[in-house]
Amino acid sequence: QVQLVESGGGLVQAGGSLRLSCAASGSIAGVNHMGWYRQAGGTQREHVAGITPAGTTNYADSVKGRFTISRDNNKNTVYLQMNSLKPEDTAVYYCNVDGMTLRLRNFDVWGQGILVTVSS
């Protein structure tokens with residue numbers, strides 16, 4: 001079984017920065033894609049950023065140039081550095097990780113979600 005633990009959310013003023021972390025633990029043989037999504041009140045969950053094991057990244061247009069996704073493969077951890085935050089970035093942020101367990105079964109799991117609030 002694989003679990004994700006997120007941390008780093010909170011309240012910040014517009015223009016400020018936050019760094020989210022998401023650590024995967026459990027019976028992990030290997031981790032493939034890691035990503036961040038967000039969901040604001042009354043909207044659908046949207047993709048924010050993703051990163052492959054080799055470090056190739058992709059971003060939603062709304063966060064390009066402001067957010068940076070990175071990962072530590074030794075720690076099975078993914079990060080999201082968020083700079084120049086705007087009130088419209090306010091949302092619950094979820095990490096998503098897929099890979100393979102020690103029993104050679106694929107997994108695709110979500111974090112519990114962490115609230116980021118940006119005040120104007």
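Two strands pair if DSSP finds at least two bridges between them. Strands (E, at least two residues) are DSSP runs, numbered from the N terminus. This is a predicted model, in which local features need pLDDT of at least 70, side-chain atom pairs count only at pLDDT 80 or more, and totals for chains, interfaces and linings use all residues. Residues are numbered from 1 along each chain as its sequence is written, and side-chain values use heavy atoms, with hydrogens and water left out.

**View 1. An open sheet of 4 strands.** The order is β1-β3-β8-β7, and the pairing is antiparallel. β1 (2–7) and β7 (67–72) stand at the edges; each has a single partner strand, so one side of each lacks a neighbour in the sheet. From one strand to the next, the twist averages 15 degrees (axes are lines fitted to C-alpha atoms; angles run from 0 to 180 degrees between N-to-C directions).

**View 2. β1 beside β3.** These strands pair in the antiparallel sense over 6 bridges. β3 spans residues 18–26. E6 stands opposite C22 in β3.

**View 3. D89 in a loop.** The loop runs between β8 (77–82) and β9 (91–101). D89 has 1% relative accessibility, so D89 counts as buried (under 20% relative accessible area, 1.4 Å probe, protein chains only). Leaving aside neighbours within four places in sequence, D89 is in contact (heavy atoms within 4.5 Å) with residues including R38, R66 and V116.

**View 4. V116 in strand β11.** β11 covers residues 114–119. V116 is buried, because its relative accessibility is 0%. The C-alpha atoms of V116 and G9 are separated by 5.1 Å, though these residues are 107 apart along the chain.

Terms used. Buried means under 20% relative accessible area, exposed over 50%, partly exposed in between (1.4 Å probe, protein chains only).
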